[in-house]
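Subject: Model for you to look at

Hello,

Here is the model I said I would pass on. Please open it, then read my notes below.

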Amino acid sequence: MFLIFIRTFKESFKNFWRNGSLSVAAVSILALTLFIMSVIFVLVVTGNDVLKSIQQKSNITVYFKSDISEEDILKVKQDLGNYKEIKSADYVSKDEALGNFKKSNADNQIILKALEEIGGNPLLPSLVVKANDSSKYDSIANYISTAPFKDNVSRINYDRNKEVIGKLNDLVSEYKKIGLGIAILFSIIAILITFNTIRITIYTQKQEIEVMRLVGASNLYIRLPFIFEGITYALVASVISMVLLFLTFKFAPNYVATKIIPSGALLSYYYHGFFAILGLQILAGAVLGIFSGLIAIRKYLKI
Amino acid sequence: MIRFDSVTKKYKDDYTALDNINLEIKDGEFVSVVGQSGAGKSTLLKLIYAEEKPTEGTVFFAETPLDGISRRKLPFHRRNIGTVFQDFKLLPKKTAFENVAYALEVSGAPGGEIAENVPQILDIVGLADKMEKYPRELSGGEQQRIVIARALIHRPLVILADEPTGNLDPVSSMEIMDLLLKINKLGTIVVIASHDREIINKASKRVIVLEKGKIICDDAKGEYKIA
């Protein structure tokens, strides 16, 4: 058994070199397939991450009337904490609000001057409310505006954010659908091309297969070199695809508008998931290579 | 050794290649199967090496019926049979040595045995000095000798040769025929299918004449008379 393995492995290695241009064709098609699949995969994953982080940043702010005491606001905060759709409610006092405002407008002398002119603190104390799920802001806003403490509330800025949050939710679900659709489509195309290329490679060896059968080689002995060849294709193709992927992630963001995905994100994702991506590629490539091979040989083995 | 028991072989679209064949080939025989193209010669050989299965009847090899042979056992059956073809069926990317060695490798023979036996066999067919040549560097007659060496390497019980001289000039044809006769003398059954009258008459061995799938003549010391 061991002897069979050694011999068929050698055989497959020789085949790989002797087939020259055909091996190159099969490997490049496989590499492209893996590359396209990886790019789509990474885009879907990082895109999702980015959208999630934007979702996490969204919130609604409840402004209280300026004469409401801190004690009352903290009571409301506690009350909101019990509401199950709400992840957190953070109290921002008048003084904190002023500090934040001054900080964010530090460069703008006109606004700072205007503030001085008014004198005192014109800002309102508030609770910044974050939801577990951004699609729930609607019901949270409703809840607050009908709550017993509603008379203490000056205004809720939900209406202003409503449109943005709604759009974001649409975008997330659209992105998932489109991403998945494109990924499936490209994968099918790539798999078909790979499958055919490998079939052609084997077709050129049909004479060999015929001779193998005539001299009494078992079906396993005939198949093993093709299985090893499939694995070799997968290994070489994965390495090529990883290099392509690296180059793409390193340089492509320079040419493509990257307002949604920060330019470093792709590359860091690449480093982070290097072995996971490589492993998946080898696995996908080997499965593709071996199955195309086995299906193609079936014909000549007369099973 | 080989027995055909009322064997009929039909291919698709009802073409009858062999029609109710009864035939026995004994140990040590040299048999020529002759007839025109399409008479069923190749089909007869294919049934022996189990490339095709009979539509009716049974082929026995060493008293074992071949119709029940499993896919797992088929390679072992093939190792009892050496096959020689008109178009050689050599692997173009392997040397003469490798082509012969290959038949031993697939059966799991140890490397030492291969290194010892292959040159011996190549010496028997007279190619000891051309072991490292590729098929394209050899003449047709020499290529057919490699094929015969490959067929012999398993020390088979039977050599089946389908038009072994079909692609060769008369001189090479005679040489190949002499080689097959020599192998037969050493105890191996040889069955050749041919329509080369000259070489068959030279052998003056048993001749079976097929016509439209039927045996019309079976002589122990036959001659191939019909052109």
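Is Val92(A) buried or exposed? Val92(A) counts as buried, because its relative accessibility is 16% (buried is under 20% relative accessible area, exposed over 50%, partly exposed in between, with a 1.4 Å probe and protein chains only). The residue sits in strand β2 (residues 86-92) of chain A (helices are DSSP runs of H or I with at least four residues, strands runs of E with at least two, numbered from the N terminus). Pro125(A) is 33 residues away along the chain, yet the two C-alpha atoms are separated by 5.9 Å. Beyond neighbours within four places in sequence, Val92(A) is in contact with Ala97(A), Asn100(A), Pro125(A), Ser126(A) and Val128(A) (contact means heavy atoms within 4.5 Å).

Some ground rules. This is a predicted model, where local features need pLDDT of at least 70, side-chain atom pairs count only at pLDDT 80 or more, and totals for chains, interfaces and linings use all residues. Residues are numbered from 1 along each chain as its sequence is written, chains are lettered from A and ligands numbered from 1 in the order written, and side-chain values use heavy atoms, with hydrogens and water left out.

The interface

Chain A brings 22 residues to the contact and chain B brings 28 residues. Together they bury about 2,200 Å², 48% of it on carbon and sulfur atoms (buried area is the accessible area, 1.4 Å probe, that two parts lose on being put together, summed over both). Two salt bridges run between chain A and chain B (a side-chain nitrogen of Lys or Arg within 4 Å of a carboxyl oxygen of Asp or Glu). One pairs Lys89(B) with Glu210(A), with the closest N and O atoms 2.9 Å apart. Glu210(A), Asp87(B) and Lys89(B) form a network of salt bridges.

Chain B

Chain B has seven helices and ten strands. Of its 227 residues, 53% are buried. Among contacts in chain B with a separation of 6 or more, 69% join residues 24 or more positions apart. Helix α3 (residues 96-105) of chain B is largely enclosed by the rest of the structure, because seven of its ten residues are buried. Among them are Asn99(B), Tyr102(B) and Leu104(B).

Cores

The largest nonpolar core has 71 residues, and Ile148(B) and Leu180(B) have the most contacts inside it (a core is a set of buried Ala, Val, Leu, Ile, Met, Phe, Trp, Tyr and Cys residues joined through side-chain atoms within 4.5 Å). α9(A) gives the most to this core, with seven residues. A second, separate core of 29 residues includes Val7(B) and Phe61(B).

Over all chains, the search finds 13 salt bridges. Arg206(B) and Glu29(B) make one, with the closest N and O atoms 3.0 Å apart. Arg206(B) is in strand β9 and Glu29(B) in the loop between β2 and β3 of chain B, so the pair ties together parts 177 residues apart in sequence. Both residues of this pair, Arg206(B) and Glu29(B), are buried. Arg78(B) and Glu51(B) meet at 3.2 Å, N to O, in a salt bridge. Lys130(B) bridges to Glu142(B), with the closest N and O atoms 2.4 Å apart. Lys130(B) is partly exposed at 26%, while Glu142(B) counts as buried at 17% relative accessibility.

Best wishes
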